[in-house]
Amino acid sequence: MRIPKITTILMIALIVALVIVVAVLAPRTISDYNTLQTERSATPTPTANVQSMMSVTIDPYNTPAPTAVLLKIGIKGDGVKKAQQRLKDLGYYSGEVDGAYGTGTAESVKAFQEQHELESDGVAGENTLNVLYSDLAQTFVPTPTPDITPSSLSKGDKNETVSLMQARLKELGYYSGAVDGDFGGGTQESVRLFQRQNGLDVDGIAAQMTLAALYAADAKKASEPKAFDPSELPILVNSKNTVDKDYMPEDLVTLKNVIPSSAANIKGNAIEGDRTAVAALQTMFEAAIGEGISDWQVSAGYRSFKYQQTLFDQQVAEYQSEGMSKSRATSATKLTVADPGASEHHTGLAFDITVAGTTFKGTKQQIWLTKNCWDYGFIIRYQEDKEDITGIIAECWHVRYVGTEHSLTMLDKNQCLEEYLGQA
Ligand SMILES: [Zn+2]
């Protein structure tokens, strides 16, 4: 239908009048802007003239950028806030519009710069700001991610991909917790278990190799935990019975992931121990707490051959720095630090139990441990009256898991491990 000329002219006049009224009267609030947007869409397509006039008068972003200020990490204020809002509207920024220019803002500025072929330094200077607030600013187009490269998942991650992974680990019998997309300690332990049973590097991080193996059609199901065989004699590790440098216990777990902080404080994130022994440790702590003895701390667990070597070398170096000859420093070190291969900590069955801020000896925890650890399958491995047999100065904090079948007999017979195994 052809609109008569006079109507067109009237309509344009009306629109122009409306725009001027709004521009003059309306303070720049969001609701006014929204009202205008509604009116704008209700009116017939404006002519080019009206369009440019509208954008000049009402575009909230079209005020010139302050040229003196460079926006960069560390800067705070309304200028930053405005840039964040603009970047957010265009899809570059997903953080909070808080007026603080942090790394998130810098990253989004960088992405904006890259897409607009500006120098991409993450600093919003005059050029960047001019483009940002102009009609040339484009909405964010994400660069396509390369095919099927699974991102690496690790502790602390929370997302859908974690849920998928948990569901798969559960299906295969490695995971028994909630499928909640939250990569916590339990999830990390099940990733480690999957890695161990599938011959992968055991680091608890689900990177490409691990994820590929996990989603493979022939992914191995979890094997049952090895039941402790009481007829099997406990392993003896001492200066005469060493483990070789590649020795590695089969079933290590990270204590922090398994033992709740309500039971004991685990000193450091990396302490590992044999799965069965760690479970016994937790049961023991919980029993002690039930009797009113708390504040337990675990200071050491599994140690690799290499780590023991480092400990040994450090102690030798310390004695040498105090003026001892190398051979004297070495023999002095042997009194308190086991030779690499000769430490019980290599087995994953030995733990150092402490109480923060004490030397442990004489604390109520030490007295409880000495009396009760046997009931949970642990022995006080290095006792004062056995020093000449074990060759180790008494360590009231060092417990060793042997299982109750053995620990209770050893308690009854007052035998240290060497005596019990006929190796004294
Ligand atoms: Zn120890």
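How many bridges join β6 to β7, and do the two strands run parallel or antiparallel? Four bridges join β6 to β7, and the two strands run antiparallel. The model is predicted, with local features requiring pLDDT of at least 70 and side-chain atom pairs counted only at pLDDT 80 or more, whereas totals for chains, interfaces and linings use all residues. Residues are numbered from 1 along each chain as its sequence is written, and side-chain values use heavy atoms, with hydrogens and water left out.

Strands β6 and β7 belong to an open sheet of five strands in the order β2-β4-β5-β7-β6, with mixed pairing. Strands (E, at least two residues) and helices (H or I, at least four residues) are DSSP runs numbered from the N terminus, and two strands pair if DSSP finds at least two bridges between them. The edges are formed by β2 (265–266) and β6 (378–382); each has a single partner strand, so one side of each lacks a neighbour in the sheet.

Strands β4 and β5 run antiparallel, with three bridges, and Ala300 is opposite Asp352 in β5.

Asp352 (OD) also coordinates the zinc ion, together with His345 (NE2) and His398 (ND1), at 2.0 to 2.2 Å. Donors are N, O and S atoms within 2.8 Å of the metal (3.2 Å for Na, K and Ca); water is not among the atoms, so sites may look incomplete. The donors follow the spacing H-x6-D-x45-H along the chain. His345 lies in the loop between α13 (326–334) and β5, and His398 in strand β7, 53 residues apart.

The second largest pocket holds about 540 Å³ of space. A pocket is an open set of points on a 1 Å grid over the protein atoms alone, where a 1.4 Å probe fits, with protein on both sides within 12 Å along at least five of seven lines; lining residues have an atom within 4 Å of a point. The volume is the space filled by probe spheres set on the points, which are joined across faces, edges and corners. Of the 26 lining residues, Arg303, Gln308, Leu311, His345 and Asp352 are the closest to the pocket centre.
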